[in-house]
Amino acid sequence: MTSLHAASYNVTSYRVIYGDTDKMGVVYYANYLRWFERGRSEFLRQLGVPYGEIEARGIHFPVVEANCHYTKPARYEDLVSIETRLDFVSRATLAFSYRILRQGEEAPLATGSTKHACIDVAGKVLRIPTELARTLKQAIARGTAN
């Protein structure tokens, strides 16, 4: 699992579909957490360690903590950017932060974070494998150098 071009963050675009919205015509609040997941998946893919490959090794990263601060609503047909940054990696946890922006605007619609535990298929907490931890920490180091 060697990184070909580790980066400190990832930006993924998404067009809001009608099914993302509620009766008031704005994006239902829980969908922002789905967008966080989309951002995480693309971040890991960009590092050269897609989540499917990690799972194939019997490693999982369930969310153990999540938060989201909503500033402005996204609406049907908006094109949003999901900015994802890896904030820290410890022996058995990692954490990401996110910004959701309407493309063309600077003020975020929402910001948030997630914390993840590293577990095996039986649900037992385990140390993040050395090679994977190295790749993740290199991505963080690139972010602090920017």
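Rings of Phe, Tyr and Trp (its six-membered ring) count as a pair if their centres lie within 6.5 Å; planes under 30 degrees apart are stacked, over 60 edge-to-face, and the rest tilted. With that in hand, I looked up the aromatic cluster and found that Tyr14, Tyr32, Trp35 and Tyr70 form one.

A note on the ground rules: this is a predicted model, where local features need pLDDT of at least 70 and side-chain atom pairs count only at pLDDT 80 or more, while totals for chains, interfaces and linings use all residues. I number residues from 1 along each chain as its sequence is written, and side-chain values use heavy atoms, with hydrogens and water left out.

**Entry: aromatic pairs.** I found 8 aromatic pairs in the structure. I picked out Tyr32 and Tyr70: their ring centres are 5.2 Å apart and their planes stand at 75°, so I call the pair edge-to-face. The two are 38 residues apart and link distant parts of the chain, with Tyr32 in helix α1 and Tyr70 in strand β2. Helices (H or I, at least four residues) and strands (E, at least two) are DSSP runs, numbered from the N terminus.

I then checked burial, where buried means under 20% relative accessible area, exposed over 50%, and partly exposed in between (1.4 Å probe, protein chains only). Tyr32 is buried at 3%, whereas Tyr70 is partly exposed at 37%.

**Entry: the sheet.** I traced an open sheet of 5 strands in the order β1-β3-β4-β5-β2, with antiparallel pairing. β1 (9-15) and β2 (63-70) are at the edges with a single partner strand each, so one side of each has no neighbour in the sheet. Two strands pair if DSSP finds at least two bridges between them; I found 7 joining β1 to β3 (residues 79-89). Val11 stands opposite Glu83 in β3.

**Entry: the helix over the sheet.** Helix α1 (residues 31-47) lies across β1, β2, β3, β4 (93-102) and β5 (110-117), running at about 130° to β1. Contact here means heavy atoms within 4.5 Å. Axes are lines fitted to C-alpha atoms, for helices over the stretch in contact, and angles run from 0 to 180 degrees between N-to-C directions.

**Entry: pocket lining.** Which element gives the largest share of the lining of the largest pocket? I found that α1 does, with 4 residues. A pocket is an open set of points on a 1 Å grid over the protein atoms alone, where a 1.4 Å probe fits, with protein on both sides within 12 Å along at least five of seven lines; lining residues have an atom within 4 Å of a point.
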